[in-house]
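My entries follow the display.

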Amino acid sequence: MAERTVQLVLHYDGARFSGWQRQPDQRTVQGVVEQALERLCGGPVPALGSGRTDAGVHARGQAVGVRPPDRWNAARLRRALNAILPEDVWVAASFEMRPEFHARYSAVSRRYSYYIGTDEEARSPFRRPREFAVDRPMDRTSLDRAAALLEGEHCFRAFAVLGTAPAHDNHRCVVSTARWCDRPGGLRFEIEANRFLHHMVRFLVGTMIDIATGQRPFEDFAALLEAPDNSDVSPPAPPHALFLDHVTYPRAFYLEES
């Protein structure tokens with residue numbers, strides 16, 4: 001049967017999902033999307049994500065590669081999926097892609113953001129599910145200095161969960177952007193890199209917050225970028241304030257946009 005190659009761009013609220021990856025007896029984003037695809041296409045259609053997001057993590061730019069039967073062009077597939085997907089998942093865009101497109105391996109960068117609430121209202125039930133409320137004073141200069149150290153190529157072994165990467169992996173990532181931005185009621189940390197390790201953004205944020213609140217010296221941050229393991233990293237920041245914002249692919253993979 002003839003197939004198309006389609007990229008879906010998903011928004012999802014991660015609160016009621018056990019992460020992206022399909023798991024037995026767990027509600028996952030991949031599982032929900034594949035159930036919808038099977039219902040539309042009359043048979044199994046794997047949904048390959050650009051990467052995994054952990055339980056509780058949100059997305060407004062998760063890229064997913066699918067190969068539906070040829071009768072489902074990108075625009076029609078998007079409309080049909082949005083008619084049957086649950087309310088916490090939405091297909092924001094769909095693209096016709098070249099057959100060689102691979103959602104994970106074709107990506108050249110991924111961008112995440114993490115939201116910190118610093119005012120009293122950050123504990124409101126309307127903001128608490130999407131922000132990490134920090135009520136201790138933070139030294140903004142320390143946050144900016146730490147973020148500046150991240151740009152470029154580094155080994156992030158100290159900022160990853162031990163044993164989640166293959167033994168031969170060098171844990172090196174190339175960070176193109178890392179910065180803290182002011183926003184109403186708090187701060188946003190933005191980071192873009194060619195790859196991310198398991199819990200990497202959350203470990204980075206948790207460590208930077210500890211430094212900015214005086215829980216550990218600034219010098220620790222540079223030392224962690226040289227450390228051989230994660231034994232001295234701060235606890236990771238909680239997942240509910242982390243968003244996968246965007247995945248970038250070379251323009252040559254795109255045939256048309258819907």
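I looked up T28 and noted that, at 2% relative accessibility, T28 counts as buried, where buried means under 20% relative accessible area with a 1.4 Å probe and protein chains only. The model is predicted, so I kept in mind that local features need pLDDT of at least 70 and side-chain atom pairs pLDDT 80 or more, while totals for chains, interfaces and linings use all residues. Residues are numbered from 1 along each chain as its sequence is written, and side-chain values use heavy atoms, without hydrogens and water.

I placed T28 in the loop between β1 (6–12) and α1 (29–41), helices being DSSP runs of H or I of at least four residues and strands runs of E of at least two, numbered from the N terminus. Leaving out residues up to four places away in sequence, I found T28 touching F17, S18, G19, W20, Q21, R22 and Q23 (contact: heavy atoms within 4.5 Å).

I then turned to the largest pocket, which holds about 1100 Å³ of space (a pocket is an open set of points on a 1 Å grid over the protein atoms alone, where a 1.4 Å probe fits, with protein on both sides within 12 Å along at least five of seven lines; lining residues have an atom within 4 Å of a point). Its lining has 40 residues, with G51, R52, R104, F196 and H198 nearest the centre. The largest share of that lining, three residues, comes from α4.

For the second largest pocket I noted a volume of about 160 Å³, with a lining that includes T5, P46, R67 and H102.

How values were computed
Buried < 20%, exposed > 50% of the residue type's maximum accessible area, 1.4 Å probe, protein only. Points joined across faces, edges and corners; volume = space filled by probe spheres on them.
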